Amino acid sequence: MTGIAGKKQNNKRLIFGQDVEVLLAAVANIISWFVTKFLPSLLPYLLPSSPEETRDASPDADRTRCVSIGRPGGLEQLRIVTLRKGIATIGYNVRHVGPPPYAPPDCDIPADCILLKNKVFSVNYADCCIRWGLYDSAKEFVGWPIVPGFDVAGVVESIGSTSVGNDSKFQQFNVGDRVFGCTLFGAYSNRVIVPKIQLRKIPENLSFAEAAAFPAVSLTALYALHLAGYFPNSPCGGGRNKFRNKAILIHSAAGGVGSLLVQISKILGLGPIVGVVGSSSKVDEAKMLGCDVVIDKSKENLWSVAEEASPFGYSTIMDANGVSTLKQSYDHLAPSGRLIVFGFHSNLPMGSAMLSPFEWIRMAKKVVSMPKFDAMDLTVSNKAVLGFNLSFFAEEIEVLSDQFDQILRWIEEGKLRCPRIVEMHMNEVAEAHTLIQSGKSIGKIILNTTSGH
């Protein structure tokens with residue numbers, strides 16, 4: 001694992017000031033759009049395969065079924081494939097097993113890993129960005145082909161036997177244990193090799209689907225509140241807990257990350273908790289999660305209502321929208337306020353499975369319109385803008401492990417409830433991507449990997 005994240009993206013290749021990888025993704029997506037729209041008979045030529053695949057799809061416990069993406073493009077790239085016997089999928093921080101996305105056939109499982117018989121996985125909007133070729137960590141650490149996905153929940157199939165390091169620091173599991181957690185890509189699969197430190201035993205009161213709804217969104221939410229200065233919440237009132245203004249505004253409050261941000265903010269004593277939703281169908285869900293005020297921006301003026309809810313501004317604003325709200329979010333911070341950025345959904349198309357040339361033109365215009373924050377203004381206004389992406393945290397897994405332990409305690413204590421879930425089958429992965437791109441989904445989309453439909 002050492003040195004993976006250190007490569008980072010400072011060495012991007014540029015043409016006319018533009019990232020070559022983004023330009024190639026644009027070309028690939030436009031080709032997919034053109035062929036799908038005008039020459040659909042040629043689509044099979046846009047679906048590259050890999051030598052790890054087999055045409056033999058007969059049921060076999062040692063054969064992995066997964067969703068493989070061979071190149072940037074539309075829904076046609078979501079290929080459900082069967083791998084040759086003994087091959088499982090892996091994340092990019094399991095390079096001591098092999099290069100991602102596939103482990104070598106019948107490889108030895110290291111002592112710090114387990115082979116997971118994965119029952120379910122979740123779908124995140126990031127997975128659509130991976131398919132489009134617009135997700136930096138996926139491009140940098142995996143490339144093509146890639147098996148997307150972060151959240152897993154299943155049963156321990158086998159445990160590593162090769163001696164690696166001090167085994168006492170790893171989570172202790174037995175074959176047959178029900179476990180859940182995260183992998184750094186590779187989750188869209190029924191067999192995944194995952195480091196033990198990234199897994200926990202599933203509480204008895206949770207189903208596999210409920211367990212898979214938690215890891216990525218809960219860790220994102222808790223790390224965001226850590227950056228906001230409210231976690232860990234020390235008994236003596238350390239961090240920012242002594243500031244009088246604890247108002248927090250959460251965009252997309254009924255979504256996956258938003259639903260956990262609302263609940264954890266309540267646990268940490270923040271308030272008022274103001275949640276923003278995009279349609280009336282999501283208002284009741286946001287209220288049930290614990291929002292003190294819910295703003296339905298499809299019917300109300302978002303910022304007028306936000307000012308009424310907290311006239312002196314906000315201690316924290318959680319924004320994964322991007323260009324549509326970032327400037328106003330910053331303007332509505334109170335002195336000492338922090339704007340936490342962890343996504344740019346409004347920069348990307350909603351409801352469009354295919355990225356046509358027109359979509360790329362619209363996205364380019366949005367990039368040009370992105371707000372810029374002046375260091376002098378940040379200083380004199382006592383404000384901060386902080387951003388993060390946990391998929392780059394391969395070398396900071398222990399930080400996230402501690403936070404995962406806290407999430408698990410809150411689940412077991414009944415303080416965190418599972419987001420609303422929509423269950424589908426892995427065969428419906430294209431429909432799942434269409435749903436999450438529509439912006440109409442509430443909570444989490446979970447796909448099961450079992451042979452039944």
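**Salt bridges and a cavity**

Okay, let's start with Asp177: at 16% relative accessibility it counts as buried, where buried means under 20% relative accessible area, exposed over 50%, and partly exposed in between (1.4 Å probe, protein chains only). Keep in mind that this is a predicted model, where local features need pLDDT of at least 70, side-chain atom pairs count only at pLDDT 80 or more, and totals for chains, interfaces and linings use all residues. Residues are numbered from 1 along each chain as its sequence is written, and side-chain values use heavy atoms, leaving out hydrogens and water.

So who does Asp177 pair with? Its side chain meets that of Lys201 in a salt bridge, 3.9 Å from N to O; the term covers a side-chain nitrogen of Lys or Arg within 4 Å of a carboxyl oxygen of Asp or Glu. Lys201 is partly exposed, at 43%.

A search of the whole structure finds 12 salt bridges. Salt bridges that share partners join Glu285, Arg417 and Arg420 into one network. On accessibility, Arg417 is partly exposed at 32%, and Arg420 is partly exposed at 39%.

Last stop, the lining of the largest cavity. A cavity here is a set of points on a 1 Å grid over the protein atoms alone where a 1.4 Å probe fits but cannot get out, and lining residues have an atom within 4 Å of a point. Among the lining residues are Tyr135, Lys139 and Trp144.

Key
On a 1 Å grid over the protein atoms alone, a cavity is a set of points where a 1.4 Å probe fits but cannot get out, and a pocket is an open set with protein on both sides within 12 Å along at least five of seven lines; lining residues have an atom within 4 Å of a point.
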